[in-house]
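Please read them alongside the structure.

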Amino acid sequence: MLLEGQIPRIQKLIKEKLGTMPTSALKNEVVMRTAFRRLYQALPRMIRLAVSEEGFVEFCMTNRERLLNIGDSVTEKFSAADNADTEVTKAYSKNDSGLKLNNSKNTSEMLSAAQRVFLPTYAPNLILTRSQGSRIWDSDGKEYFDLGAGISVNSLGHKDQDLLHALTEQAEKIWHTTNLYLTEPAIELAEELVKATFADRVFFCNSGAEANEAAIKIARKFSSLNQPTEKREILTFEGSFHGRTLTTVTATAQPKYQHGFEPLPGGFRYCPFNDFDAATKMIGGQTCAVLIEAIQGEGGVNSVKSGFLNHLRKLCDQHNALLIFDEIQCGMGRTGKLFGYQWDEQMDPKQNLFPDIVTMAKALGGGLPIGAMLCTEKVAQSFKPGDHGTTFGGNPVVTAVAGAAFRKINTPEMMEQVQKSGLVIRKHLEELNDELSLFETIRGRGMMLGAVLSKAWKGKAPAMVNACQEQGVLVLVAGPDVLRFLPPLNISTNELRAALYRVSIALKNIHAAELSDISQS
């Protein structure tokens with residue numbers, strides 16, 4: 001067997017890459033499998049071509065005592081003391097094999113099953129099975145570069161080692177408890193968020209919609225305690241997206257998301273995005289809060305105009321209204337600053353642009369579900385016990401991973417890398433556009449970019465996404481006329497260029513096919 005002859009090399013790599021591992025690690029199935037998967041990436045390319053990651057991990061698990069040079073006496077002691085654990089491991093392996101046999105359906109069968117059992121809220125055509133860094137593989141073994149990052153969720157890529165360590169370490173301690181009690185990871189993450197931002201208080205939940213729901217509730221409660229009853233209106237902006245609960249879809253000023261769900265909750269009003277005069281007219285004595293994204297993601301990757309957020313701050317101060325920034329997609333370093341609104345702050349350093357409330361989610365969890373509503377002390381005191389709550393918000397496993405993600409992303413080095421990588425993407429798309437004339441403009445900031453299709457290509461973003469998928473790269477749309485790019489923030493320049501090359505091939509194929517159709521018509 002190929003790997004039998006490579007045992008000395010594998011042992012050497014273990015010493016170099018993993019260091020000395022305690023004997024107790026042998027008992028932990030998750031830790032050992034994670035370590036061996038990490039080791040697989042360090043193998044010579046020829047071995048990786050000949051042996052799959054799964055095959056390598058199974059070989060190492062079977063031979064872990066030999067590979068780790070565990071002596072006979074230690075091995076006997078381990079076996080005697082943990083005979084029951086060994087039997088469980090054997091049973092796990094047997095069950096795992098059975099599961100593989102029982103789940104050996106082909107991709108078309110699995111897709112058919114998905115269509116049969118899921119609500120038809122999405123129309124996926126891929127089954128993804130494993131991932132590493134900026135790459136992901138489907139059930140047929142095809143590799144893709146992931147330039148969507150789970151819609152700005154996997155901002156450190158897939159299976160980041162620091163996040164994986166935080167996950168496995170916390171999983172050994174405690175998974176869940178009611179919010180009637182506290183856990184250390186949630187406290188530590190809240191402290192870090194407060195230290196790094198304008199906020200004094202934090203509320204954890206499970207998603208961006210829940211974070212915005214909490215923001216809307218606390219804004220209304222604040223107004224009810226401090227203002228007359230007619231001051232309850234919340235102003236949002238055309239093209240926005242704030243979630244899919246009944247309240248947050250009402251806050252979302254896009255009729256296509258609201259149609260069929262009437263009657264919608266009252267108390268919302270919509271203002272044209274980036275319209276200084278309209279905002280001045282619409283924010284008044286009836287306004288309790290203004291809710292806005294610094295960059296509209298689902299709305300087409302639209303950035304606020306310079307000075308617009310400061311304009312809203314002044315209007316909110318003038319009319320005693322709260323200013324809420326939805327940073328769910330554009331936050332967590334996506335634009336090259338921790339929050340997207342901080343670019344407007346930089347444009348006019350004399351202005352102190354501080355929101356009253358900020359909502360976060362997506363990348364905060366590094367791939368696990370979390371939302372957070374951050375606010376000032378003045379706003380926070382509107383809630384008392386019983387006014388709001390959550391079952392899973394602040395889960396210790398999730399907040400442990402989120403803490404690791406926050407610490408890794410919120411650094412000057414990462415922010416600089418994001419801005420440099422964003423320039424690489426923008427430059428590549430602009431050069432491609434010089435050749436093909438596909439785009440009207442490239443907009444956005446950092447690594448949150450949208451390529452707006454020119455008039456001749458309007459409505460063809462979904463077809464372009466499919467063409468990219470065929471070439472082994474996953475990109476997104478932001479409506480029918482915009483290609484959206486949200487790569488992992490830590491993707492290497494070489495991988496980014498390789499992924500963009502695949503995008504170029506896909507779009508050139510689309511362009512050539514269109515020209516061919518025109519010439520034949």
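1. A charge is taken to sit over a ring if NZ of Lys or CZ of Arg is within 6 Å of the ring centre and within 35 degrees of the ring normal. The model is predicted. In it, R220 places its charged end over the ring of F268, 5.2 Å from the centre of that ring.

2. R130 lies over the face of W137, and its distance from the ring centre is 4.2 Å.

3. How many aromatic pairs are there? The count comes to seven, with rings paired if their centres lie within 6.5 Å. F276 and F308 make an edge-to-face pair, because their planes stand at 75 degrees, with the ring centres 5.1 Å apart; the cut-off for edge-to-face is over 60 degrees. This pair links distant parts of the chain, 32 residues apart: F276 belongs to helix α15 (residues 276-282) and F308 to helix α16 (residues 308-318).

4. F308, at 0%, counts as buried.

5. The rings of F339 and Y341 are stacked, because their planes are at 15 degrees, and stacking requires under 30 degrees. Their centres are 5.8 Å apart. Both residues count as buried, F339 at 1% relative accessibility and Y341 at 3%.

Notes:
Residues are numbered from 1 along each chain as its sequence is written. This is a predicted model: local features need pLDDT of at least 70, side-chain atom pairs count only at pLDDT 80 or more; totals for chains, interfaces and linings use all residues. Side-chain values use heavy atoms; hydrogens and water are left out. Rings of Phe, Tyr and Trp (its six-membered ring) pair if their centres lie within 6.5 Å; planes under 30 degrees apart count as stacked, over 60 as edge-to-face and the rest as tilted. Helices (H or I, at least four residues) and strands (E, at least two) are DSSP runs, numbered from the N terminus. Buried means under 20% relative accessible area, exposed over 50%, partly exposed in between (1.4 Å probe, protein chains only).
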